[in-house]
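Biologist: I'd like to go through this one with you, chain contact to begin with, then helices and the sheet. Can you put it up?

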Amino acid sequence: MNIDLHEKRIPIIKIGNFLIVSIQVDMHDKLAIQLQSQILEEIEKTGAKGVLIDISVLEMVDSFIGRMLSGMATMASIMDASVVIVGMQPAVAITLVELGLEMPGVDTALNMEKGMEMLEKRLKDDDYKLY
Amino acid sequence: MLQLTTDSNWTELGKYIIKTEHDIVQVRQLIRVHAKEMNMGIIDQTRVTTAVSELLRNMYNYGGGGEVLVETGVVDDKNALIITCADEGSGIEDLDLAMSDGYTSGMGMGYGLPGAKRLVDRFEIKSEKNIGTTVRVMKWR
């Protein structure tokens, strides 16, 4: 078997109306871009209304990954899906702010459970608006 | 622009080559290991790793890769982790502009150099047209 460890993909799991992505590796730039399009394709394919991205394992978010995450939130919202980033480590949050990177339009939650509640509430509010 | 601080009493901890995107990931992880070995706290480890990640990306995108030297030594009476990133790219024409917030050469989106500078205790840069760019950053311990 020929496995190229450099070409691993990050799995995307669908549960109900939501996609769950848990980033478990230190991503190089190409992998980050690949993940971005992978998630958008999955939104299109499944009609998911929300995406939870768990970054609790990430020890570092630099300007590239930060921009990838905020860009993805914007693109997903154009496709009628909300993105919530969960589990950012305190040191990562501090560094992001000092780096000067703002992430407009990116919603965050402390953990997966809170992020899920956030998305469910939003979905309910949207349904309410329709009637 | 200016001379880089040097001292023959510094100890070399490692020397790494940046050629591919995977090298960027690997070397920034090694920088964290060095920072940890110097007993830096988790926030400083993250700061220096993130700063170096920005520098390595610049090296890779604009300098066609390069060399990273990691040293430790005393600078201004402080114990420092010293990281020097050198490429042999085309050099930065206007350093003041490249160091200003929000500036981008088009390929990136800014923040790289000024952002990295904010995360370290000392930031030195030297760039010569068609010779290359060297950035030396230090984090006190």
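Biologist: How many residues does the contact take from chain A and from chain B?

Modeller: Bear in mind that this is a predicted model, where local features need pLDDT of at least 70, side-chain atom pairs count only at pLDDT 80 or more, and totals for chains, interfaces and linings use all residues. Residues are numbered from 1 along each chain as its sequence is written, with chains lettered from A and ligands numbered from 1 in the order in which they are written. Two residues are in contact if their C-beta atoms, placed from the backbone, lie within 7 Å. On that basis it's 19 residues from chain A and 24 residues from chain B.

Biologist: Which helix gives the most to the side of chain A that touches chain B?

Modeller: Helices (H or I, at least four residues) and strands (E, at least two) are DSSP runs, numbered from the N terminus. Helix H1 (29–46), helix H2 (63–78) and helix H3 (90–99) of chain A each supply at least two residues of that side. The top contributor, with six residues, is H3(A).

Biologist: Are H1(A) and H2(A) roughly parallel or roughly antiparallel to each other?

Modeller: Axes are lines fitted to C-alpha atoms, for helices over the stretch in contact, and angles run from 0 to 180 degrees between N-to-C directions. Here the axes come within 10 Å and cross at roughly 15°. Angles under 35 degrees count as roughly parallel, over 145 as roughly antiparallel, 65 to 115 as roughly perpendicular and the rest as oblique. So H1(A) and H2(A) are roughly parallel.

Biologist: And how does H2(B) run relative to H4(B), roughly parallel or roughly antiparallel?

Modeller: Helix H2 (residues 42–62) and helix H4 (residues 112–119) of chain B have axes 8 Å apart and pack at an angle of about 155°. That angle makes the pair roughly antiparallel.

Biologist: Which strands are the edge strands of the sheet in chain B?

Modeller: Two strands pair if DSSP finds at least two bridges between them. The open sheet has five strands in the order E1-E2-E3-E5-E4 (chain B), with antiparallel pairing. Pairing on one side only are strand E1 (11–18) and strand E4 (122–128).

Biologist: How many bridges join E3(B) to E5(B)?

Modeller: Strand E3 (residues 78–87) and strand E5 (residues 132–140) of chain B run antiparallel. The bridges joining the two strands number eight.
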